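Please look over the sequence and the model below before reading on. The paragraphs that follow go from the overall fold to individual residues.

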Amino acid sequence: MRQILELLERDAQLSHDTIATMTGLPVAEVSEAIATWEASGAIRRYKAVIDWDAVDEDPTSETVTAFIDVSLAPARGVGFDDVAARIARFDEVRSVYLVSGTHDLRCTVIARTIRAVSDFVAQKLSTIDRVQSTATHFVLKTYKRDGDAFTAQEADHRLPVTP
């Protein structure tokens, strides 16, 4: 059953018939499993991965992506969960992870300008109780996201093999 989820994660447009063929399971079983996962929330949503640089012709519509590392003071009984949940509620925040290393949380933030990210950190994020420090890293170029490469494919220089 995990194989069904892995296939959907790679390509959400696969039909139930195609998934059944690829997994060797009956179509009815595949359809029932997917419906169950959708109803339970295991499948959150279906989405497309878009290379905005390839389609966006209006330079004023660009956005800024930043990774913000957050150091927290833990609280007894809840650790970091309450602060992570609070940060996740902001519209600018796309993801929040508990991480190992010098910081406790890593957030992905998307805004219209660098100034908007700066305002988010200064006015919203840093004012949350128990936030001790932040470190902001701006994305300059995306090479790969969600398993999809955003660079031109290299030409295949291998010689053709014939039987």
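Helices (H or I, at least four residues) and strands (E, at least two) are taken here as DSSP runs and are numbered from the N terminus. On that basis the protein contains six helices and six strands, and from the N terminus on its elements follow the order α-α-α-α-β-α-β-β-α-β-β-β. The radius of gyration of the protein, taken over C-alpha atoms, is 21 Å, well over the 15 Å that the globule rule gives for 163 residues, so the protein is more spread out than a compact globule; the rule itself is 2.2 Å times the number of residues to the power 0.38. Along the principal axes, the C-alpha trace spans about 65 × 45 × 30 Å.

The model is predicted, and local features need pLDDT of at least 70, side-chain atom pairs count only at pLDDT 80 or more, and totals for chains, interfaces and linings use all residues. Residues are numbered from 1 along each chain as its sequence is written, and side-chain values use heavy atoms, with hydrogens and water left out.

The domain assignment, whose bounds come from an automatic or database source, gives domain 1 (1–40) and domain 2 (55–141). The C-alpha centres of domain 1 and domain 2 lie 34 Å apart.

Buried residues (under 20% relative accessible area, with exposed meaning over 50% and partly exposed in between, for a 1.4 Å probe and protein chains only) make up 25% of the 163 residues in the protein. The protein exposes about 12000 Å², of which carbon and sulfur atoms supply 51%, the areas coming from the Shrake-Rupley method with a 1.4 Å probe, where for residues only the protein chains shown count as cover. If contact is understood as heavy atoms within 4.5 Å, then 63% of the contacts between residues at least 6 apart in sequence join residues at least 24 apart.

With neighbours within four places in sequence left aside, D69 is in contact with H103, L105, R106, S133, T134, A135 and H137.

T108, which lies in strand β3 (residues 105–111), also counts as buried, at 13% relative accessibility. Leaving aside neighbours within four places in sequence, the contacts of T108 are T65, A66, F67, E92, V93, R94 and S95. T108 and T136, 28 residues apart in sequence, have their C-alpha atoms 9.8 Å apart in space.

Two loop residues complete the picture. A48 has its place in the loop between α3 (27–40) and α4 (52–55) and is exposed, with a relative accessible area of 58%; from C-alpha to C-alpha, A48 is 8.2 Å from A12, a residue 36 places away in sequence. R130 sits in the loop between α6 (114–125) and β4 (131–138), where R130 is partly exposed, with a relative accessible area of 23%. The backbone of R130 has a positive phi of about 80°, although R130 is not a glycine.
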